[in-house]
Amino acid sequence: FYSKVACSSAVYDAFVLKLDKNGNQQWLKTFGGWGNRQFYVIKEIGNNTIAAFGWRDGETDSTGKFYLVKLNAVTGDTVSTFTLDVPGLYRGYGMDYTYDGKFILSGTRYNQVALFK
């Protein structure tokens, strides 16, 4: 992830960069918009598909949400996105892909609702 301003006031955007075996850029895709987006795991999952996982700020309550994006491995185009939008502050840090096509996601969760009681 990266920011275009100083870290003390930064909002971070995510990116996925694909290089060939010689280090030449094949494509670069950025994921910006409102709030933060950060990827921590990138994995090829077959069928010319790449999965990127991390977290993003939620539009409904401004807290972190698990964020999964599938990309076409050849073009870098987005195939699908998933945001786990439930109450609480989530940070996605780990991902695996099972033999039967399911995702295993890990991270942290902090229930912000309890903060205000």
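Start by selecting D77 and K29: in this predicted model, the two form a salt bridge, with their closest N and O atoms 3.6 Å apart. D77 sits in the loop between β5 (64–72) and β6 (78–83), while K29 belongs to strand β2 (residues 25–31), so the pair ties together parts that are 48 residues apart in sequence.

How many salt bridges does the structure hold? There are three, so let's visit the others, D77–K29 being one of them.

Next, pick K43 and D96. Their side chains meet in a salt bridge, 3.2 Å from N to O. K43 is in strand β3 (residues 37–46) and D96 in strand β7, so this contact ties together parts that are 53 residues apart in sequence. K43 is partly exposed at 27% relative accessibility, and D96 is partly exposed with a relative accessible area of 38%.

β7 (residues 89–97) and β8 (residues 103–110) run antiparallel and are joined by eight bridges. Which residue of β8 is the bridge partner of G94? Click on S106.

While you're here, select D100 and K102. They form a salt bridge, with the closest N and O atoms 3.6 Å apart. D100 is partly exposed, its relative accessible area being 41%.

Now move over to strand β4 (residues 49–57) and pick R56. Is R56 buried or exposed? Its relative accessibility is 10%, so R56 counts as buried; the cut-off for that label is under 20%. Show what surrounds it: leaving aside residues up to four places away in sequence, R56 touches N36, R37, T63, G64, K65, Y67 and T83.

Which strand gives the most to the patch? Strand β1 (residues 14–19) does, with three residues. Zoom in on L17, which is found in β1: at 40% relative accessibility, L17 counts as partly exposed. As you look along the strand, keep in mind that side chains in a regular strand alternate between the two faces of the sheet.

Conventions: Residues are numbered from 1 along each chain as its sequence is written. This is a predicted model: local features need pLDDT of at least 70, side-chain atom pairs count only at pLDDT 80 or more; totals for chains, interfaces and linings use all residues. Side-chain values use heavy atoms; hydrogens and water are left out. Helices (H or I, at least four residues) and strands (E, at least two) are DSSP runs, numbered from the N terminus. Buried means under 20% relative accessible area, exposed over 50%, partly exposed in between (1.4 Å probe, protein chains only). Two strands pair if DSSP finds at least two bridges between them. Contact means heavy atoms within 4.5 Å. A salt bridge is a side-chain nitrogen of Lys or Arg within 4 Å of a carboxyl oxygen of Asp or Glu.
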